[in-house]
Amino acid sequence: QVQLVESGGGLVQAGGSLSLSCAASGLTFSRYAMGWFRQAPGKEREIVAGTRWNGSTYYADSVKGRFTISRDNAKNTVYLQMNSLNPDDTAVYYCAADRASVLRGPARVDYWGQGTQVTVSS
């Protein structure tokens, strides 16, 4: 079975940092676009960052310059380094895998992790 297991969420003060990891199994990792979505209370799930098959990256405007996504194909793991966090970053963060060349919208992504809570206090 395909599994995506997130780790690294937690509580952090505004201005602080967190690093998320997503370990994938049951798929050919190097042939999947990987990335992160997040969903805040009362809001739709939205893309945060993604990596293509070749490792190129893309980011939501709201996190550009603060978050960095990377992937290690040898470890079947994708990471999200989050710096300069603010309360608007509070959400459940979901790892995602997609057979497309880039992550598609939430309704079309192939596989999801169970999510990890990130809470940023003021």
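Asp98 is buried, with a relative accessible area of 0%, where buried means under 20% relative accessible area, exposed means over 50% and partly exposed lies in between, computed with a 1.4 Å probe on protein chains only. The structure is a predicted model, in which local features need pLDDT of at least 70 and side-chain atom pairs count only at pLDDT 80 or more, while totals for chains, interfaces and linings use all residues. Residues are numbered from 1 along each chain as its sequence is written, and side-chain values use heavy atoms, with hydrogens and water left out.

**Overall fold and dimensions**

- The protein chain holds zero helices and eleven strands, these elements being DSSP runs numbered from the N terminus, with helices of type H or I and at least four residues, and strands of type E and at least two.
- Read from the N terminus, the order of elements is β-β-β-β-β-β-β-β-β-β-β.
- The radius of gyration of the protein chain is 13 Å, which agrees with the value near 14 Å that a compact globule of 122 residues would have; the radius is taken over C-alpha atoms, and the globule rule is 2.2 Å times the number of residues to the power 0.38.
- Along the principal axes, the C-alpha atoms of the protein chain fill a box of roughly 40 × 30 × 25 Å.
- Of the 122 residues in the protein chain, 42% are buried.
- Among contacts between residues at least 6 apart in sequence, 58% join residues at least 24 apart, a contact being heavy atoms within 4.5 Å.

**The open sheet**

- Four strands form an open sheet in the order E1-E3-E8-E7, with antiparallel pairing; two strands count as paired if DSSP finds at least two bridges between them.
- Strand E1 (3-7) and strand E7 (67-72) stand at the edges and have a single partner strand each, so one side of each is left without a neighbour in the sheet.
- On average, neighbouring strands of this sheet are turned by 15° against each other, direction ignored, with axes fitted as lines to C-alpha atoms (for helices over the stretch in contact) and angles running from 0 to 180 degrees between N-to-C directions.
- E1 and strand E3 (residues 18-25) run antiparallel and are joined by five bridges, and Val5 has Ala23 in E3 as its bridge partner.

**Salt bridges**

- A search of the whole structure finds seven salt bridges, each defined as a side-chain nitrogen of Lys or Arg within 4 Å of a carboxyl oxygen of Asp or Glu.
- Arg38 forms a salt bridge with Asp89, and their closest N and O atoms are 2.9 Å apart.
- Arg38 lies in strand E4 (residues 33-39) and Asp89 in the loop between strand E8 (77-82) and strand E9 (91-98), so this pair ties together parts that are 51 residues apart in sequence.
- Both Arg38 and Asp89 are buried, and a network of salt bridges links Arg38, Glu46, Arg66 and Asp89.
- The side chain of Asp98 meets that of Arg104 in a salt bridge (2.8 Å, N to O), and Arg104 is partly exposed, with a relative accessible area of 24%.
- The side chain of Arg104 also meets that of Asp110 in a salt bridge (3.5 Å, N to O), and Asp110 counts as partly exposed at 21% relative accessibility.

**Loop residues**

- Most residues other than glycine have a negative phi, and most peptide bonds are trans.
- Asn76, which is not a glycine, has a positive phi of about 50°; Asn76 is found in the loop between E7 and E8 and counts as partly exposed at 24% relative accessibility.
- Ser84, a residue other than glycine, has a positive phi near 50°; Ser84 is found in the loop between E8 and E9 and is partly exposed, with a relative accessible area of 43%.
- Gly9 has its place in the loop between E1 and strand E2 (10-13) and is partly exposed, with a relative accessible area of 34%.
- Leaving aside neighbours within four places in sequence, Gly9 is in contact with Leu20, Thr116, Gln117 and Val118, whereas the C-alpha atoms of Gly9 and Ala96, which are 87 residues apart along the chain, are separated by 16 Å.
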